[in-house]
Amino acid sequence: MSAPTAVRPTEDELQAQFDATIAADRRIEPRDWMPEKYRAGLVRQIAQHAHSEIIGMQPEGDWLLKAPSLRRKAVLLAKVQDEAGHGMYLYSAAETLGADRADLTDKLVNGKQKYSSIFNYPTLTYADCGVIGWLVDGAAICNQVPLCRSSYGPYARAMIRVCKEESFHQRQGYELLMTMMRGTDAQRAMVQDAVDRWWWPSLMMFGPPDDDSPNSAQSMAWGVKRHSNDELRQRFVDMSVPQAEALGVTLPDPELALDETTGRYRFGQIDWTEFKQVISGNGPCNEERITRRRAARDDNAWVTEAATAYAAKHSA
Ligand SMILES: [Fe+2]
Ligand SMILES: [Fe+2]
């Protein structure tokens, strides 16, 4: 008796299987066949996300040695450390698609891959740490909760844990701001100033408007992305306005108003010229962020080399 010969599925059959998995809202896993554009698009998105987590440690990391109390220092340290963990899950998810972690870092420091524009703004006072937690992590939650249902299994699963930690980040930020708002006039002014500087860049975190977002349609068809940039931005505004009122701060937008018919907030025009400037490398801190990241890679190369040598010795 001869063994049955395995019939290799054709490219069309593989594509049909992939399409059926997406249509049934099931997950694509690393062992599954996937179109090259799907794979490359995911590597780009996951790498950009991982880079944002790692670069995102810098603005708040600047305050670790200047935190006003031991309690604040412990909270901030835990938060910044979480962001390192998020970067690690995401680089691991990119590795399941065949990407190489060291190569991704090289692309970041050589300016070939991007990270979120928001981390190119400076943290001028301790209130900035609170506002980053409230608004920046808050915007990240709006962006990332739908990614828990992303069609790529490892990415979706990484997002579940990341989102749990992000809600801690948002709460610690809001709690810090609440405390400052109960403090002195100078502290309240510090919070308002930080809100004035971070509000518009937070709205830019959702990316360009839908009619100027070339990759969005394909990404939504593949179930990687679940909602459009403008839809997520609107959700974030609707969520943040009542929180600003409870806090007692004014959001720096005279056009912000509740639309009685839709129950949603109308808001002013975003400065997309500023966004394009920052994303193309000309924000206030782009150079500093990348210089530091490059130095960390180079100064710590011996750790990677030692770990690689140790692993090779053990497997031998
Ligand atoms: Fe994070
Ligand atoms: Fe976070």
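Is T125 buried or exposed? In this predicted model, local features need pLDDT of at least 70 and side-chain atom pairs count only at pLDDT 80 or more, while totals for chains, interfaces and linings use all residues. Residues are numbered from 1 along each chain as its sequence is written, and side-chain values use heavy atoms, leaving out hydrogens and water.

T125 is buried, as its relative accessible area is 18%; buried means under 20%, exposed over 50% and partly exposed in between, with a 1.4 Å probe and protein chains only. This residue is found in the loop between α5 (101-109) and α6, helices being DSSP runs of H or I with at least four residues, numbered from the N terminus. Not counting residues up to four places away in sequence, T125 touches W63 and M190, where contact means heavy atoms within 4.5 Å. K66 is 59 residues from T125 in sequence, yet their C-alpha atoms are 10.0 Å apart in space.

The contacts of V191, not counting residues up to four places away in sequence, include A127, V131 and V249.

Note on methods: Chains lettered and ligands numbered in written order. Helix = DSSP H or I, 4+ residues; strand = E, 2+ residues; numbered from the N terminus.
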